[in-house]
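Please look over the sequence and the structure before starting.

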Amino acid sequence: MREYTKEDCLWLRLRESGKPVVLYGTGNGADKILDVCERYGIKVDGVFASGGFVRDRYFRGFHVESLEDIEKRLGDFTVLLCFGTTLPEVAAQIEAAAARHELYIPDVPLYGGELFDFEYYEKNREKLRAARELLCDEASRELFDDIIGFRLSGRREYLSNAENPEESYKRIIAPHIEKGGLCIDCGAFTGDSAAALSRALPLGRVAAIEADSRSFKKLSAFAENNALCEIVPVNAAVGEVCGETEFTFGGSRASGTLSTAKRTKTVTVPLVTVDSIAKEQNLPVSVIKYDVEGDEAAALCGSRDTISAYHPALAVSVYHRSADIFDLPVMIKNMYPGYGFYLRRTPCIPAWDITLFAVDSAK
């Protein structure tokens, strides 16, 4: 595992630089980054947004400016990017800003937990090392190192290591599953992951679980028109036990259970487990995908019987909380020691969409 020093920590470097610091973007990400800056004693000198997002508005006491206006006022400065994207046109705007100013992409936890700063890295160094040693190929280990480097430094060059998820499914999962099995898609959103899974793998059926009502409506429409395999939409959240839970609706990353989301507008939704869905569907389980906005550990706990019975291939999101990347591999290994692990990431800014793949080494 690569070793890092205090000089690699973005927050410590910003505090010592003396250079003006401005935020690019507003919203939840900017809120979190402002809070960290305050904690570290880093003075923020302004906030800017792109094009039509400027308008005449304020964010946390800052008048939101254009890049050009803030350049006139401050001259040179360091930019902290405060939002994420998978869109090439938005990535181009970010690169244009980076060509004019030193730009970093701070890593802040999406759903609670500790900040991955140098103190956190030192405290968890041995856990990180142990998780890395579970990875089966050099590509996974290199990506693991890049993720740690990115979380500490905020440098965008660490984000180049990525591939299309369908390629990952084909290369890593396909050789370890038989034709016609069941895939349980936890956090199916509007059907994008179910579509990619059914294109890449010889599945018989996908049980696609989604709690957000707006996303579920689109998921149901997708299921009616999918010709590759049978899609069974399930309108529920996924957890450790069956029952009900409070859930916030926001679409994509803005949705979640009360354990992961900080929103005031909530509704009660059914709560299911992977084990209950597997029993209901009554098919051998080949694959389970988990992307449940910070509730992955609970969803895994509700999968123990299914994992024990079928040793299905797993695709688990490990980026919502700082500890996921080292806690979840160990948790899964304890469930079934025969799993081998691979790490892959989908192209995006920042280091989101990180997936831990677990496949039965005996298959």
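**Exercise 1. How many cavities of 30 Å³ or more are there, and which residues line the largest cavity?**

Solution. The count comes to three cavities of 30 Å³ or more, where a cavity is a set of points on a 1 Å grid over the protein atoms alone at which a 1.4 Å probe fits but cannot get out. The model is a predicted one, in which local features need pLDDT of at least 70 and side-chain atom pairs count only at pLDDT 80 or more, while totals for chains, interfaces and linings use all residues. Residues are numbered from 1 along each chain as its sequence is written, and side-chain values use heavy atoms, with hydrogens and water left out.

Next comes the volume, which is the space filled by probe spheres set on the grid points, these being joined across faces, edges and corners. For the largest cavity it is about 70 Å³. The lining, meaning residues with an atom within 4 Å of a point, consists of Asp 107, Val 108, Pro 109, Leu 110, Arg 151, Tyr 319, His 320, Arg 321, Ser 322, Ala 351 and Trp 352. Sorted by class, the lining of the largest cavity holds six nonpolar, two polar and three charged residues, with Ala, Val, Leu, Ile, Met, Phe, Trp, Tyr, Cys and Pro counted as nonpolar, Asp, Glu, Lys and Arg as charged, and the others, Gly among them, as polar.

**Exercise 2. Which residues line the second largest cavity, and into which classes do they divide?**

Solution. The second largest cavity contains about 40 Å³ of space. Its lining is formed by Ala 131, Leu 135, Phe 144, Val 318, Ile 325, Pro 329, Leu 343 and Leu 356. Dividing these residues by class gives eight nonpolar, no polar and no charged.

**Exercise 3. How are helix 6 and helix 7 oriented to each other, and which residues meet?**

Solution. Begin with the axes, which are lines fitted to C-alpha atoms over the stretch in contact, with angles running from 0 to 180 degrees between N-to-C directions. The axes of helix 6 (residues 125-133) and helix 7 (residues 138-153) cross at roughly 155 degrees and come within 10 Å; helices here are DSSP runs (H or I, at least four residues) numbered from the N terminus. Helix 6 and helix 7 are therefore roughly antiparallel, the word used for angles over 145 degrees.

The crossing of helix 6 with helix 7 is right-handed, which is to say that the near helix is turned clockwise from the far one by less than a right angle. In contact, that is with heavy atoms within 4.5 Å, are Leu 128, Ala 131 and Arg 132 of helix 6 and Arg 141, Phe 144, Asp 145 and Ile 148 of helix 7. These contact residues comprise four nonpolar, no polar and three charged.

**Exercise 4. At what angle do helix 1 and helix 2 pack, and which residues make the contact?**

Solution. Helix 1 (residues 10-17) packs against helix 2 (residues 28-40) at an angle of about 60 degrees, and their axes are 10 Å apart. Helix 1 passes helix 2 in a right-handed crossing. From helix 1, Trp 11, Leu 12 and Arg 15 take part in the contact, and from helix 2, Ile 33, Val 36, Cys 37 and Tyr 40. By class, the contact of helix 1 with helix 2 has six nonpolar, no polar and one charged residue.

Conventions:
1 Å grid on protein atoms, 1.4 Å probe; cavity = no way out; pocket = protein on both sides within 12 Å on 5 of 7 lines; lining within 4 Å. Helix = DSSP H or I, 4+ residues; strand = E, 2+ residues; numbered from the N terminus. Parallel < 35°, antiparallel > 145°, perpendicular 65-115°, else oblique.
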